[in-house]
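The report below looks at how two chains meet and at selected features within each of them.

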There are 2 protein chains.
Amino acid sequence: MDFDVIKPLIIESSQEKIVLLVMDGLGGLPMEPGGKTELEAAATPNMDALAEKSMLGLHEGIRSGITPGSGPAHLSLFGYDPLKYVVGRGVLSALGIDFDLHAKDIAARGNFCTVDKEGRITDRRAGRIPTEVSERLCNLLRDNVSIPGVEVFLKPVKEYRFMLVIRGEGLRANIQETDPQDVGKKPLPARALDPDSEKAAEIVQEFVRQAEKILANESPANMFLLRGFAQLPNWPKFPEALGLKAAAIAMYPMYRGVAKLVGMDSLPAAQSYDEEIAMLEENWNSYDFFFVHIKKTDSYGEDGDFDKKVHEIEAVDALIPRILALDPSVLIITGDHSTPCLMKKHSWHPVPVLFYAKLCRPDGITSFGERACRQGGLGMRFPAYQLMPLALAHAGRLEKFGA
Amino acid sequence: MDFDVIKPLIIESSQEKIVLLVMDGLGGLPMEPGGKTELEAAATPNMDALAEKSMLGLHEGIRSGITPGSGPAHLSLFGYDPLKYVVGRGVLSALGIDFDLHAKDIAARGNFCTVDKEGRITDRRAGRIPTEVSERLCNLLRDNVSIPGVEVFLKPVKEYRFMLVIRGEGLRANIQETDPQDVGKKPLPARALDPDSEKAAEIVQEFVRQAEKILANESPANMFLLRGFAQLPNWPKFPEALGLKAAAIAMYPMYRGVAKLVGMDSLPAAQSYDEEIAMLEENWNSYDFFFVHIKKTDSYGEDGDFDKKVHEIEAVDALIPRILALDPSVLIITGDHSTPCLMKKHSWHPVPVLFYAKLCRPDGITSFGERACRQGGLGMRFPAYQLMPLALAHAGRLEKFGA
């Protein structure tokens, strides 16, 4: 989306509500030739009935053939072209564990690793130590490192991976990674890649020097590598850029994090679909836009469990009447990317979209599935970041362009 | 369209004719769930028969979700991306009343307003004075203002709105608007925003000083605000850029104006559809390209009069045999934007296109309507500015690109 085009057209006084319901990894594939996809196999009477009054289509999160990660896939749904709005990996790491990153913080991804007596890397993942060991090591470092003028935060992520955050004044994150990407080599120094980042690079180096001694007698994780130094990006914020007071309802930190990254309010973590919808109902009058995230469709896709993914889609279908009872002007039901059970991972396949709006030009198609979406008026393989301008238009939130 | 790509490919010697028939505001919506759009409801035997030999599709004038004004919508049909080719509001005002704007003229939009004794604005629209009063005031100013070295033109537009044009040498239009956008404030000075515009800004200020005295005893319109200072843009001209001697046939000034803006010849204003088609017939051998504009489909859309819009589409359908009798190589039948009777205003909904060409790959679809167009080979939601390169190609007017 071109925020500069949208901004002057926004009708601030509008009260119309928009709901974006994302079933993570929704798109699928048949398990055998001639078979149905997960969404096609699911019994979805509510979505099928809604489809008849809606527009259907198939979006692509990034570009044709590019398999999206969760971060960029959601940015695209929020209207941000993910090739233009790139988030540093350190920031994504912090968002993914719900860490409250501040505007000037430097965040990096850490890997615990094993080095020999000369300091040369022998295992870049320290034998994939369990998360609990990583947590103990993070705490050990946190309690024993001391650098004047800055705060240092360390949090385990998963197994050997952890997050490092340095909080202080005048820090910039253009710093070379310390990972030489190869065993047999020593970790690289955290060198500043521009003059503004020299202060932060020196602090990182001091942290590395102190940490090296603290970890010296640990095994197998007696060192670490740092990658993806980054700061929160200075992007147009979703609420101001689109004129929408926005709330995110999501069970998992990663998705709350991406929503916060673009300036949405993140409501407290729900524990069930029922709680998610209850949260939507309770907050209905306080926001213009709701992002509701469903995680398990993706998890079962990654497990390759076709039946459970189908069942999860059916469980979400059962929630639709409660959402419609709130009378949204626009309800978009889609995924962030495909996660076909056949592949057990994210894929590039276009993602089905059901776009319901009171003012839409209905396709009159009576089911929601990949093949049905191919016939829909939204079109095939359109960029996901076109959805938000369409949502604003259908909610009557945009003036016309030019006379 | 990328003119730089097209230009070297043009076959100047071609005699093939292209007709672009624009029914303003053609796209529509059903009035009730499951109903037909205006175009679907209209009995259009000629267009339906032509559809079978044509390609269908749905275009978007600007971008997805953006409701086009008439100016940018037509530019897009003529091949100009309206986000790249932006016209100043003053120029649009002049075009809209058929004023013969010259290349170096400065044009602005004026609002008559009311000010108190201290010169503070009390009504930004002077009680919406009728057009006749505005005309008297424009003439009063024209007859009494005298600025050496320049000509000043004033024309009423509608109610309190008028057009100001200053004609002279060495004028540039980067001038601050005098409208403070608020009552209780004084009009702002017409300040130059760059050194090149200082001469014009001084002339505008001198005009304001003289006009202030001339209007002092008028009521309620004793002052005015000036906005959208602009000059004719220096764009690639349609006839040279596309190798098409081009004529515009339109009843309303705005559309003749936009056609002139891109360098088309504007034929005299027709008074009826019959006259429009007669003009097409008479000029058939003198031009390569004809833009034929039908206004009333939009007017009835804005009135919300479904039956009259349907009837108007049927009246246009009856003209098709006369156009086909001229044997055009390409005939495009479309709208500039949608104006659904349901909404009574311009909208963002994609616009149906019927693209007939002797060399097209026919879709074989036997009716012309929004749902039929969804199945068409032109695709859904494609940018309107892609139509002209397709027209050139289908008229055999483009060489191949590369060896």
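This is a predicted model: local features need pLDDT of at least 70, side-chain atom pairs count only at pLDDT 80 or more; totals for chains, interfaces and linings use all residues.

At the interface, 32 residues of chain B are in contact with 25 residues of chain A. The area buried between chain B and chain A is about 2200 Å², and carbon and sulfur atoms give 60% of it. On the side of chain B, the residues that lose the most area to chain A are B:Trp348, B:Arg374 and B:Arg381, which together make up 26% of what that side buries.

For polar interactions across the interface of chain B and chain A, the rule finds 11 residue pairs in polar contact, both residues being at pLDDT 80 or more. The elements of chain B that give two or more residues to the side touching chain A are α4 (70-77), α5 (89-96), α14 (370-374) and β13 (379-383). Sorted by class, that side of chain B has 15 nonpolar, 12 polar and 5 charged residues.

Across the same interface of chain B and chain A the rule finds 1 salt bridge. B:Arg374 forms a salt bridge with A:Asp363, with the closest N and O atoms 3.4 Å apart. A:Asp363 is found in the loop between β12 (351-357) and α14 (370-373) of chain A, and A:Asp363 is buried, with a relative accessible area of 6%. Apart from neighbours within four places in sequence, A:Asp363 is in contact with residues of chain A, including A:Ser54, A:Met55 and A:Leu56, and with B:Arg371 and B:Arg374.

Within chain A, an open sheet of 8 strands with mixed pairing has the order β9-β8-β10-β1-β11-β12-β2-β13. In this sheet β9 (265-266) and β13 (379-383) of chain A stand at the edges with a single partner strand each, so one side of each is left without a neighbour in the sheet. Strand β1 (residues 18-23) and strand β11 (residues 330-334) of chain A pair in the parallel sense over 5 bridges, and A:Leu20 stands opposite A:Ile332 in β11(A).

In chain B, 6 of the 6 residues of strand β10 (residues 289-294) are buried, so this strand is largely enclosed by the rest of the structure. B:Phe289, B:Phe291 and B:His293 cover one side of β10(B), while B:Phe290, B:Val292 and B:Ile294 lie on the other, and all are buried. Strand β1 (residues 18-23) of chain B runs parallel to β10(B) and is joined to it by 6 bridges, with B:Ile294 as the bridge partner of B:Met23. Strand β8 (residues 246-249) of chain B is likewise parallel to β10(B), through 4 bridges, and B:Ile249 stands opposite B:Val292.

Over all chains, the count by this rule comes to 45 salt bridges.

| Salt bridge | N to O distance |
|---|---|
| A:Arg256 and A:Asp98 | 2.6 Å |
| A:Asp274 and A:Arg322 | 2.8 Å |
| A:Lys358 and A:Asp327 | 3.2 Å |

A:Arg256 counts as buried at 7% relative accessibility, whereas A:Asp98 is partly exposed, with a relative accessible area of 31%. A:Asp98, A:Arg256 and A:Lys260 are linked in a network of salt bridges. In another of the pairs, A:Asp274 is partly exposed, with a relative accessible area of 48%, and A:Arg322 is partly exposed as well, at 27%. A:Lys358 is partly exposed, with a relative accessible area of 44%, and A:Asp327 counts as partly exposed at 45%.

How values were computed: Residues are numbered from 1 along each chain as its sequence is written. Chains are lettered from A and ligands numbered from 1 in the order in which they are written. Side-chain values use heavy atoms; hydrogens and water are left out. Contact means heavy atoms within 4.5 Å. Buried area is the accessible area (1.4 Å probe) that two parts lose on being put together, summed over both. A salt bridge is a side-chain nitrogen of Lys or Arg within 4 Å of a carboxyl oxygen of Asp or Glu. A polar contact is a pair of N or O atoms within 3.5 Å; within protein, one must be able to donate a hydrogen and the other to accept it, and residues adjacent in sequence count only if both atoms are side-chain atoms. Ala, Val, Leu, Ile, Met, Phe, Trp, Tyr, Cys and Pro count as nonpolar, Asp, Glu, Lys and Arg as charged, and the others, Gly among them, as polar. Buried means under 20% relative accessible area, exposed over 50%, partly exposed in between (1.4 Å probe, protein chains only). Two strands pair if DSSP finds at least two bridges between them.
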